[in-house]
Structures are given as structure tokens and as C-alpha cells.
There are 2 protein chains.
Amino acid sequence: MRQTQLFTKTRKEAPKDEVSKNAQLLIRAGFINKEMAGVYAMLPLGLRALNKVSNIIREEMNILGGQELFLTALQDKTAWEKSGRWDDNAYDIWFKTKLKNGTEVGLGTTHEEPLTTLMKNHIRSYKDLPFAVYQIQTKFRNETRAKSGIMRGREFLMKDMYSFSRDLVEHNLFYEKATKAYVKIFERFGLGEKTYMTYSSGGTFSKYSHEFQTVSPAGEDLIYVCDKCHVAVNKEIMADLESSCPVCKSKDLHEEKAIETGNIFTLGEKFSSAAELTYIDEKGEKKNVFMGCYGMGPSRILGTIVETFADEKGIVWPVAVAPFAVHVIEIGGDKTAVREKAQELYKTLSTNNVETIWDDRDLRPGEKFADSDLMGMPLRLVISEKLLATSEFEIKVRSTGETVMIKETELLNWIKNWLQTNK
Amino acid sequence: MRQTQLFTKTRKEAPKDEVSKNAQLLIRAGFINKEMAGVYAMLPLGLRALNKVSNIIREEMNILGGQELFLTALQDKTAWEKSGRWDDNAYDIWFKTKLKNGTEVGLGTTHEEPLTTLMKNHIRSYKDLPFAVYQIQTKFRNETRAKSGIMRGREFLMKDMYSFSRDLVEHNLFYEKATKAYVKIFERFGLGEKTYMTYSSGGTFSKYSHEFQTVSPAGEDLIYVCDKCHVAVNKEIMADLESSCPVCKSKDLHEEKAIETGNIFTLGEKFSSAAELTYIDEKGEKKNVFMGCYGMGPSRILGTIVETFADEKGIVWPVAVAPFAVHVIEIGGDKTAVREKAQELYKTLSTNNVETIWDDRDLRPGEKFADSDLMGMPLRLVISEKLLATSEFEIKVRSTGETVMIKETELLNWIKNWLQTNK
């Protein structure tokens with residue numbers, strides 16, 4: 001896209017009340033807009049990055065066999081009363097509102113209750129099990145404080161998957177596969193090294209749940225990492241585990257601040273028994289369906305990526321989620337030769353499926369470079385009169401600052417190879 | 001997809017309180033779930049169809065140059081107070097709720113106010129104009145009655161585009177292009193013939209607004225159609241027009257019930273002046289930005305498509321929005337040869353980008369055919385032992401009931417040609 005046709009502008013300062021690094025940078029770069037604390041609109045570049053995050057998650061959920069659906073925000077209280085989560089004292093993050101006739105309704109923060117209810121129309125026999133469904137959908141949480149930018153929103157995007165199995169044995173098979181899918185997703189985001197499968201408190205039906213915690217100074221959680229096993233323990237259950245690694249039993253764990261970027265949980269029969277979601281087994285007996293849930297928030301992931309890779313100059317996007325792969329900067333676009341070459345390269349890259357944004361604005365080089373660093377596309381390609389004379393172009397790698405000079409004839413291949421290697 | 005792996009089941013009866021044909025059929029076919037009146041969850045097949053509708057709209061909005069963004073549901077009242085639309089007496093379709101600290105917030109039913117506010121950060125000069133942005137996003141309307149299924153929801157999906165121009169002249173150029181894009185979109189849905197650009201009441205800044213009205217007995221509006229010009233007049237302004245066609249002046253108009261499937265509106269300076277959204281023109285003078293809005297609801301379109309094409313047996317999907325193009329029905333799948341051939345054809349079609357659902361369930365032929373008719377995929381391909389012996393397969397066209405026998409060697413080409421021709 002041509003940058004003159006992008007309506008967003010960068011800005012030098014974020015709003016004064018914005019304390020989180022992720023939102024400060026995303027606002028300054030024109031990726032998001034702060035509507036109120038914990039509520040952010042996605043502007044074109046932010047939406048492009050967010051969609052890439054969502055699509056990576058979607059691909060892996062589809063490989064797992066997940067069937068995508070889209071539940072509603074407005075919640076009928078009936079199902080929530082059965083599970084005991086309608087009461088504000090039991091579940092204190094509701095937004096509630098009213099229909100014209102006075103009926104109270106809630107805004108969904110999760111969907112176990114309505115999903116369990118609707119499954120009563122579809123699950124009858126053991127032959128209908130197991131399966132899993134998921135959605136990528138807007139959730140609402142009435143947070144008292146919302147100071148972590150897009151990492152903890154009052155309104156945010158969530159991928160929530162739910163599995164339906166006959167029993168614990170069948171459930172565990174899927175749970176194991178889902179765990180592996182989560183590991184793969186974090187690797188695709190470039191967060192694999194910093195993200196630990198973390199043992200956390202379970203429930204009636206399992207000893208532990210599993211969080212995925214990404215180590216970051218911006219994290220709100222404290223975890224204890226076992227480097228040998230690449231797993232961690234949430235502070236909450238350290239005492240239960242006698243401060244040892246649940247895998248190798250080592251006591252050599254170190255404390256880290258971390259962001260909870262995913263969680264998987266064995267729900268067991270908690271919601272199916274409340275909603276009377278049953279199936280008839282091979283012997284003709286009625287049994288409760290055995291459930292699991294698997295959460296991961298694309299908007300929180302986006303914030304985590306910004307927090308993890310940004311430097312003092314701005315955002316640094318990994319290739320997999322960058323809104324554009326290449327930022328073409330023309331210097332002296334008022335000169336015909338520069339403008340024409342920029343246009344030609346922009347077209348060549350775009351038609352070869354290299355997503356490119358071309359800064360064709362009439363601004364001084366320093367401003368363009370500063371904006372480009374702030375916006376954080378993986379590669380910056382500079383075209384100037386001076387470089388034209390040499391038939392070489394300057395490519396700067398945003399993440400390392402490394403600069404290389406590439407001949408025009410080799411440009412497309414060099415960029416494609418680099419993007420492939422660094423994906 | 002294999003139908004045994006789809007969790008949804010068809011049902012003989014819709015819920016008793018469901019009076020609209022579109023929701024009755026979509027619920028019976030397992031495409032949607034009714035959460036409460038006017039609030040429907042999209043199940044996997046429904047979501048596939050809805051995404052196809054959304055993507056057709058998205059493609060045409062992108063061709064228009066629209067920049068996609070994603071605003072929030074939660075609304076800060078400040079901007080709405082400025083425009084005079086926060087007051088329930090002025091604007092009576094709000095859902096309102098409260099933050100923990102007691103601050104009242106609304107759920108967005110449209111987005112002129114927040115968008116105009118955020119544009120103050122991005123529009124400065126005449127050089128920044130014109131442009132247009134759009135989103136495909138969930139809206140909330142506190143409807144007193146919600147009896148038209150997914151055509152009038154309390155929660156529904158909306159594509160809303162907004163244009164920002166220097167003045168009326170520049171605005172009209174875009175408005176004209178948007179009108180053409182709308183006409184093209186309705187043609188792609190197969191609704192072109194039945195959809196009329198309809199003159200409706202305007203506002204301070206334009207004599208008329210333009211609705212797109214699709215003729216249907218399920219419509220809630222009354223329009224007067226001029227067959228000669230393929231335009232119509234909304235009943236509201238018939239008197240103003242002295243009951244004549246605004247194009248050819250003919251008085252030969254006939255009344256039709258119709259569904260409002262789109263609308264475009266010249267907002268002018270209404271919202272920019274309330275929000276003080278200005279730009280500096282060529283002469284250095286401050287001017288209000290001139291705006292337009294362009295609405296089209298994917299969920300309402302989906303309902304309209306069901307209402308328009310369904311017959312007594314069930315839904316009939318046009319190719320462009322069908323969740324799957326081909327429904328493979330195996331008869332006698334317990335026989336190895338039938339099962340193997342079904343699997344082979346399913347694979348051949350799928351790998352050749354023909355979206356295929358394969359009914360591999362252990363059910364009687366009559367049940368499978370009835371479900372297939374109810375679910376409404378464009379082509380039904382039957383594989384049975386009897387047909388295997390002849391090396392021919394039966395294809396039935398859902399929309400016409402026409403049946404043809406096709407040799408196996410010609411099957412893929414026949415199907416691809418048919419889908420292309422009937423797209």
C-alpha cells in the first residue's frame with residue numbers, strides 16, 4: 001500500500017494516561033486507538049497484524065480438527081444461573097445490561113454455559129464424540145483496573161476452544177494434542193523460547209491446569225522456571241509442589257515475571273452436569289460429557305509480541321505477524337527517476353506476494369526513517385538518487401539494525417530468501 | 001468435510017417461538033442456534049456462509065479503496081453527547097452498561113461518533129482527503145420486537161463504511177462509486193434482479209438517501225418500483241415525489257414488500273461539526289470534513305438469501321455463498337466399494353478446490369436426501385452400488401431439481417464448469 005493512502009499518522013507522544021509500553025507504541029505508530037482504559041480500536045495496520053495472529057491460531061486449531069463457530073456476546077442468564085456463575089459475587093467481571101422489556105442479559109466473557117446448552121441439541125450418543133469447537137470472538141471483562149494496554153482489555157479478542165469427550169481417557173488424548181498445537185503456535189510467533197508451559201492450579205477433575213506463560217518484565221504473573229525441562233510453575237501452586245519442577249523434581253527454579261498468553265484446562269463434568277449435557281454410551285447408559293477448554297487471546301498475543309521485541313526506536317515485528325514485510329522508503333521522491341524506481345520496485349515486490357508499504361510521502365528522510373523504525377516492518381528498502389547511480393539499494397533489517405547493499409537484479413530473490421529464512 | 005465429523009445435527013422442527021422462515025430453516029439445518037429473540041450464534045455451516053457473504057463485501061470495499069479497521073463495541077458517552085445521540089429519548093435503541101467505577105458506557109450500534117473523534121488525530125490538511133474506512137463488526141440494537149430471525153437482530157454483523165471528503169463535490173464522486181459497488185455486490189449474491197436502489201428521505205446535506213431494497217414477502221418496508229428504471233421509492237417519501245419515479249417521472253409504479261439490505265447516506269457535516277473534525281484547505285482556511293456512510297449487514301444479507309431462494313424442502317444456496325459447493329451422498333456406505341469410491345471422489349473434488357461435504361453417516365437414503373435438501377448445497381452427487389455398476393453418477397441441481405447422469409471421467413470437469421457458469 002502507498003503510505004499517502006493510509007489515513008493513519010504516527011505521533012511523537014502517546015496519551016498521557018497510557019502507561020503500558022505495548023499500547024504507547026501501537027498508538028504512536030497509528031496501529032490502534034484508545035477509546036477508554038482497556039478498550040482499543042484496531043486501525044488498519046493494527047488489524048492487519050491482529051488478523052495474522054488470529055490466522056496462525058486458526059490454522060493450528062483447524063489442523064487439530066477444531067470446528068469454527070461464532071457465539072454471541074449477549075448472554076441469556078438461564079444457563080449461567082445453573083452453573084452458579086450469574087451472581088456478581090461468584091463471578092465478578094460481568095458487564096450486564098437490559099432488554100427493553102427489563103430482562104437482564106450479560107456480555108460474554110467466556111462461553112462454557114451457552115455452548116454446553118446448545119450442545120444438548122447435537123450430542124446424543126457416544127458416536128457423536130469426541131470433537132472440539134472454537135471461535136475467535138470479542139469478549140468483555142469488567143476489569144477494575146486496565147493498565148496493561150491491549151494485554152488486558154475490558155473488550156478483547158479471544159480464541160476459545162472447547163473439547164467434548166466421552167471420558168477422561170479420551171479427553172487426555174485431545175488435551176495432549178492441544179498442548180502440542182499451543183507449543184507450535186508460540187514457535188510460529190517467535191515466542192517459543194520465552195514461553196513456558198506452566199503448571200497451575202487445577203480443579204475437581206484434574207490436579208493441574210496448564211498456562212502458557214511468556215517471560216516479560218510487563219508480565220502480571222510470577223512463575224518459577226526449570227531451564228532443563230523448559231517448563232514452569234505458577235507461584236500459586238509452588239507450595240503444593242514443594243518448590244520443585246513437576247517434571248524432573250529439580251529445585252533449581254528461578255523466578256520470572258510473565259504474561260499468561262494461553263491456558264488449557266480440564267473442565268471435566270463441571271458444566272455438562274450443570275446443564276445436563278449427556279450422551280448414551282455403548283452399554284446404553286447415560287453419562288455426562290467430559291469437557292476441556294483452551295484459551296488464547298490474539299489481542300494479548302499482539303501486545304506480548306510488541307512488549308517482547310520492541311526497542312528504543314519502536315516496534316519490531318516478527319515476519320509472521322508483520323502488517324507488511326517490506327517498508328520501501330523513497331528519498332527525494334520529487335525527482336522523477338527516484339519516484340519511478342520506487343513505484344517499479346513496489347510493484348515488483350507486491351506482484352511477487354511480498355507485502356509492501358511504500359512511503360511516498362513528501363517528508364524529510366529523517367522523519368521517514370524514524371516512522372519506519374517506529375512502525376517496525378521487518379525490512380526497510382531505501383531508494384535515493386545517490387543509490388540509483390550505483391544500481392544498488394540499501395536494505396536494513398529492523399530487528400538487528402544490520403544494513404546490506406543489494407544489486408537491483410538480486411533484490412527480489414534476496415528479500416524472498418530472507419523472509420523465508422526468518423519466518 | 002466428512003459429515004460424521006460435523007457436530008451439528010439437523011432437526012425436524014424449529015423452536016416454537018421462531019416465526020421467521022430464515023431462522024426456522026437455518027436452525028433446522030444446524031446452521032445457527034437461537035440464544036434468545038434476535039440473538040443467534042453461528043454454527044460451523046452458518047459461519048462458512050456468513051464469511052462468504054462478508055468476504056464478497058470486503059473484496060468490493062477494498063476495490064473501492066476502503067481501509068479496513070475494527071472499532072470497539074464499548075462506547076464512551078462523551079462523543080455521543082456532543083452529537084446529541086446519547087440520550088435514550090433521542091436514540092432509543094441503546095444497550096447501556098456500567099464500568100466497575102459506575103461510569104456508564106454504551107454498546108455500539110453504529111460508529112459515526114467514535115470514528116469522527118479518532119479522525120481528529122489523523123486528518124489535518126486537504127492533502128489527507130478523501131479516503132474511506134470500513135469495518136465488518138458486531139453491532140447491538142435494543143429492538144423492542146425481534147421477529148425477523150437473523151434479518152433484524154439485537155446483535156448482528158454489520159459492514160459500515162464511512163467516507164471523508166473535502167466537500168460535497170468530492171463526496172459525490174465517491175458516493176457514486178460506492179453505489180456501483182453496492183449494485184455489483186448484490187449481483188454477486190444473486191440478488192441483483194430483486195434488489196432496487198430506492199430513494200428515501202435524506203437529511204440536511206442531501207435531498208435523498210439511497211436504500212437497497214430486496215423485494216420479498218418477508219420484508220418490513222413498502223417500496224414503489226419503477227420497472228423501466230429498475231429503481232424504487234420508499235413509501236416514506238412517495239408524497240414528496242408526487243408518486244412518480246425520480247428518474248423517468250413515470251407514475252407507473254407498483255408496490256412491493258422489501259427488505260432493506262443496504263443503505264448509503266450523505267452525512268455532510270453533521271458529525272464533523274459536532275466533533276470539530278476539521279481540515280485546513282488550500283487557502284489555509286479551516287473547514288468541516290464532509291462525510292458519508294454506507295451500511296450493509298452480512299447477517300441480514302444471509303437471512304435475505306435464505307428467504308429469497310428457499311423452497312418447501314429447505315435452503316437453496318447460491319454458489320457464491322454456499323458453505324460447500326457439492327454434497328456427496330453415499331448410499332450403502334457399509335459396502336466397501338461404495339465407501340472407497342465416495343472417499344476417492346471426495347478427495348478428488350477437495351484437492352481440486354471444489355468445497356465438498358461428504359455424508360458418510362450410517363443413515364437411510366431418504367434421511368440423507370432430506371437433510372441434503374434442507375441444507376441446500378448447490379449440487380448433490382449420489383454414489384450407490386447400483387450406480388457404481390454403470391460407472392455413472394447422479395448429480396442433482398438443488399435450485400432446479402434437474403438430475404443428470406455423468407460418467408466418472410467427466411465428473412470433475414462437469415462440476416467445475418457448472419460451478420463456474422452458475423457463480
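Reply: A:S391 sits in the loop that links helix 10 (385-390) to strand 20 (392-397) of chain A, where helices (H or I, at least four residues) and strands (E, at least two) are DSSP runs numbered from the N terminus. The model is a predicted one, in which local features need pLDDT of at least 70 and side-chain atom pairs count only at pLDDT 80 or more, while totals for chains, interfaces and linings use all residues. Residues are numbered from 1 along each chain as its sequence is written, and chains are lettered from A and ligands numbered from 1 in the order in which they are written.

The phi of A:S391 is near 60°, which is a positive value in a residue other than glycine. A:S391 is exposed because 9 other C-beta atoms lie within 10 Å; on this scale a residue is buried with 20 or more other C-beta atoms within 10 Å of its own, exposed with 12 or fewer, and partly exposed in between, the C-beta atoms being placed from the backbone.

In chain B, B:E242 also has a positive phi, near 50°, and is not a glycine. B:E242 belongs to the loop between strand 12 (231-234) and strand 13 (254-268) of chain B, and it counts as exposed because it has 8 C-beta neighbours inside 10 Å.

A further backbone feature is the cis peptide bond between A:L129 and A:P130, with omega about -5°, and A:P130 is placed in the loop between helix 4 (112-119) and strand 7 (131-140) of chain A. In chain B, the peptide bond from B:L129 to B:P130 is cis, with omega near -5°, and B:P130 is in the loop between helix 4 and strand 7 of chain B.

Helix 1 (residues 21-28) of chain B is mostly covered, with seven of its eight residues buried, among them B:L25, B:L26 and B:I27. The elements that cover these buried residues include strand 1, strand 2, helix 2, helix 7 (298-309) and helix 9 (365-375) of chain B, and just after helix 1, B:G30 takes a positive phi of about 80°.

Finally, the contact between the chains takes 41 residues from chain B and 42 residues from chain A, two residues being in contact if their C-beta atoms, placed from the backbone, lie within 7 Å. Among the elements of chain B that each supply at least two residues to the side touching chain A are strand 1 (32-36), helix 2 (44-63) and strand 7 (131-140).
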